Amino acid sequence: MELRTGQVAVVTGAASGIGLALAEAFAERGLAVALVDVEATPLAAAEARLRERGSTVLAARVDVSNAGAVEALAERVDTELGGAQILCNNAGVGGDFRAVWEQSLEGWEWVLGVNLWGVIHGIRSFVPRMLAAGEPAHVVNTASIAGVMSMPLGSPYHVSKHGVVTLSESMAFELRQHKAPIGVSVLCPGYVRTGIADAGRNRPDALRGEAASAEEERWVDQIRRVLAQGTPPGEVATCVLEAIEAERFYVFSHPEWLESAGARFRALLAQEPPVWSIPPRALEPR
Ligand SMILES: NC(=O)c1ccc[n+]([C@@H]2O[C@H](COP(=O)([O-])OP(=O)(O)OC[C@H]3O[C@@H](n4cnc5c(N)ncnc54)[C@H](O)[C@@H]3O)[C@@H](O)[C@H]2O)c1
């Protein structure tokens, strides 16, 4: 769909990282933006920055894992901005680096709550409104390259992202069957320079689970170092805006990872044991 001044974009996880870059890119194109995040201070800073640039902004402190809060957000967007044409279900958290059987119930609940239920709630609250409006609209769900391949450790994250990919595919089929003017994209990035390695900053106390071991802390440190060399979020946002305008479904902002995903599918087709790999290019500084 064509992006135009006067349209409204809702972006979750908009206070930092990829979400903030998306919000800035939409605002740059003249769209009004609803910034949605659970973290108050960076959310207020993002709101102030966009307002200074003259953008129309609604900042909402919402936990996307809470269905009622997301529904109230959709009502607010209707009342204050006249409804949304773009929805980016982007908020996400990392989770613990443990074997599947060592993952705590709290860890599963936290990661699936934000990464998968957050996307489900966004779709359930906003897509019916988009359908009723009958105008061109677009939904972008942020998955990950972790949504099309599997790796050891971090299973809640992988499960959540595979879930986001498959529900995005289902929704694309269904909207096409309904001849709805609503496009869908699923964003599957590789390493991006963001604060996701420190996602625990937003973890509710009730979902803390067992503290990380020294070995887990070392894993997180390594991820932090890799992400610090990752792609700047603005480049990912550019890929997303291009995909919306080109009506592209899969958004692989890091094509070097496709070979790793391809190896998984080849093993699957050959009914061989699963394989995984990290492409060397993914570890090079950007
Ligand atoms: N950084 C990467 O390398 C990478 C790679 C692939 C996919 N992703 C995905 O990109 C998305 C954005 O992550 P990022 O890398 O920009 O990380 P980030 O930590 O910089 O941004 C995530 C944002 O989500 C917010 N958030 C966390 N829990 C929330 C909740 N319950 N409700 C509302 N907001 C909440 C955080 O406050 C934060 O502002 C995530 O879905 C992540 O899984 C990131």
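Me: A residue is near a molecule if one of its heavy atoms lies within 4 Å of it. In this predicted model, which residues around the ligand come nearest?

Reply: Happy to start there! The ligand has 31 residues around it, and those that come nearest are Asp37, Tyr157, Val192, Thr194 and Asn202.

Me: How much of the ligand does the protein bury?

Reply: The ligand, taken alone, exposes 830 Å², and 97% of that is buried by the protein.

Me: Which elements give two or more residues to the shell around the ligand?

Reply: Those are helix H1 (17–28) and helix H5 (155–177).

Me: What is the make-up of the shell around the ligand by class?

Reply: The shell has 15 nonpolar residues, 11 polar ones and five charged ones.

Me: Good, on to the helices. Why are H4 and H5 called roughly parallel to each other?

Reply: Angles under 35 degrees count as roughly parallel. The axes of H5 and helix H4 (residues 105–133) cross at roughly 15 degrees, coming within 8 Å. H4 and H5 are therefore roughly parallel to each other. Their crossing is right-handed.

Me: How do you know that H3 and H4 are roughly parallel to each other?

Reply: The limit is again under 35 degrees. Helix H3 (residues 67–81) and H4 have axes that come within 8 Å and cross at roughly 30 degrees, so H3 and H4 are roughly parallel to each other. H3 passes H4 in a right-handed crossing.

Me: And at what angle do the axes of H1 and H7 cross?

Reply: The axes of H1 and helix H7 (residues 233–246) come within 8 Å and cross at roughly 55 degrees. That makes H1 oblique to H7, because an angle has to be under 35 degrees to count as roughly parallel, and 65 to 115 degrees to count as roughly perpendicular. The crossing of H1 and H7 is right-handed.

Methods
Residues are numbered from 1 along each chain as its sequence is written. This is a predicted model: local features need pLDDT of at least 70, side-chain atom pairs count only at pLDDT 80 or more; totals for chains, interfaces and linings use all residues. Side-chain values use heavy atoms; hydrogens and water are left out. Accessible areas come from the Shrake-Rupley method with a 1.4 Å probe; for residues, only the protein chains shown count as cover. Helices (H or I, at least four residues) and strands (E, at least two) are DSSP runs, numbered from the N terminus. Ala, Val, Leu, Ile, Met, Phe, Trp, Tyr, Cys and Pro count as nonpolar, Asp, Glu, Lys and Arg as charged, and the others, Gly among them, as polar. Axes are lines fitted to C-alpha atoms, for helices over the stretch in contact, and angles run from 0 to 180 degrees between N-to-C directions. Angles under 35 degrees count as roughly parallel, over 145 as roughly antiparallel, 65 to 115 as roughly perpendicular and the rest as oblique. A crossing is left-handed if the near helix is turned anticlockwise from the far one by less than a right angle, and right-handed if clockwise.
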